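Dear colleague,

Please find below the structure that I am handing over to you.

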Amino acid sequence: MFEKSKELFKEAKEYIIGGVDSPVRAFKSIGEDPLFIKKAKGSKVYDEDGNEFIDYVNSWGPAIVGHSNDIVLKKVIETAQNGLSFGAPCSLETELAKRIVNAFDSIERIRFVNSGTEAAMSAIRLARGVTGRDNILKFIGCYHGHSDGLLVGAGSGASTFGVPSSKGVPLDFAKHTLLAEYNDLDSVAKIFEEHSDTIAAIIVEPVAGNMGVITPKDGFLKGLREICDKYRSLLIIDEVMSGFRLTYGGAQHIYNIKPDITILGKVIGGGFPAAAYGANKDIMSYISPEGDVYQAGTLSGNPVAMAAGIATLDILKQKNPYDNLTYNAQKLISRLIGLAVEYGIPLSGNSAGSMFSVFFTEKTPENYSDVQKSNLNLFKSYFIGMLNEGIYLPPSQFEANFITMQHTLADIENTLVAAEKVFSEIASGKLYV
Ligand code: KE4
């Protein structure tokens, strides 16, 4: 069934470390070889062995209007025929910037970069430049890309100072990152009482998507805003995943929270490498060439990437698919949980807009330590079973699933039929790896 992918993976590992260009793609937590995807269209992906899958990875979020959307493709091809990259200003950058600034009350000026990692790294440097403070606070289980200061895990015991979660990150970098528990305002207040005016910013995913989907408890985001105001720290909201996913704009509008800096990615590039950070004019005036916080990039604002982003946002603005996307995600989760209960399998779930996760644990997780109680063996069986039934899920319990505008009701029903078969196999012990 997956022979060609196996061959390609073997060959890839001869040239690309781990055979992948991003670790999660290696299916390591599943213990199987990854599939090599040859083509994607609409809600489907097709592997090199010709198998078709209903896709819930969606390139980790960008494909919200469906893979290889004809309108996006047309705009991309037209733009590419005029040149691929100029290293000079081009009007397409302004066109995409206009759309984003007009969609976010908290953004007056923006800067495009090439990845969410770059956007988060630049936003943190900006916050440090504005406040003159070195420390930042992030949440255990939230992911903001792989810049050194953010590859930080919880320190030992009561210490709130981070320790490197990756080799190669100097302790001196990690020690400037303080760690709190998502959805736990007391843990944040305690850190600020201890470190008050040394903290440049809090960085947070308004809806966490990197420990599975965890939604903010009532008052959590508002509480962060109040703490930042009290200690004159900046609030950075990481909308790389949530941006243009819950509404035409950010989760910040749904939860009525006004950040100082917003970071974006994924959807705004429509599948091409594009990301951004933005804030009000005063804060962004610190960024070079206007100000003294340096940040640059050869391919930032690349015209073809801008074109893909413009076409994608225009479809979202025109079609306004959000109620339908939200409904489909909620329906899928509730039906999956209902099926699992029938087979005595512990399952809970969270969704926000078109992003969602199910967890193999009775209690719906509210933070990273809750998610760690999820039965990862059951997740593995579910993933493998669903893959064999033609459903392509994120290969990790700690990731988010995505539904696109092109997922049909038949796709949802077929997913549920597959899930019922898998749950029955797990319940009868036939599929429990
Ligand atoms: P990138 O550098 O991967 O473009 O963006 C980093 C990032 C920043 N902020 C949030 C909220 C994110 O979800 C991400 C990246 N998301 C992961 C998926 N969980 C990308 C997939 C991967 O690492 O291959």
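Predicted model: local features only at pLDDT ≥ 70, side-chain atom pairs only at ≥ 80, totals over all residues.

In what order do the strands of the open sheet of 3 strands lie? The order is β13-β14-β16, and the pairing is antiparallel. Strands, of at least two residues (E), and helices, of at least four (H or I), are DSSP runs numbered from the N terminus, and two strands count as paired if DSSP finds at least two bridges between them.

Residues are numbered from 1 along each chain as its sequence is written, and side-chain values use heavy atoms, with hydrogens and water left out.

Sheets

M355 stands opposite F402 in β16. There is also an open sheet of 4 strands, ordered β1-β2-β3-β15, with mixed pairing. Its edge strands are β1 (37-41) and β15 (391-392), each of which pairs on one side only. Strand β3 (residues 52-55) pairs with β15 in the parallel sense over 2 bridges, and I54 stands opposite I391 in β15. As background, strands of a sheet pair through backbone hydrogen bonds, either parallel or antiparallel.

Domains and their interface

The domain assignment divides the chain into domain 1 (3-64 + 321-427) and domain 2 (70-319); such bounds come from an automatic or database assignment. Taken over C-alpha atoms, the centres of the two domains are 26 Å apart. Domain 1 contributes 29 residues to the contact and domain 2 contributes 32, where contact means heavy atoms within 4.5 Å.

Between them, the domains bury about 2,300 Å², 63% of it on carbon and sulfur atoms. Buried area here is the accessible area (1.4 Å probe) that two parts lose on being put together, summed over both. Y322, M355 and E366 supply 26% of the area that domain 1 buries against domain 2, more than any other three residues.

The interface holds 2 salt bridges, each defined as a side-chain nitrogen of Lys or Arg within 4 Å of a carboxyl oxygen of Asp or Glu. E366 also forms a salt bridge with K217, through their side chains (3.5 Å, N to O).

On the side of domain 1 that touches domain 2, β13 (348-352), β14 (355-359) and α12 (368-371) each supply at least two residues. The largest share, 4 residues, comes from β14.

Backbone details

The peptide bond from S288 to P289 is cis, with omega near 5°. P289 is found in the loop between α9 (281-284) and α10 (303-319). W60, a residue other than glycine, has a positive phi near 70° and lies in the loop between β3 and α2 (70-80).

With kind regards
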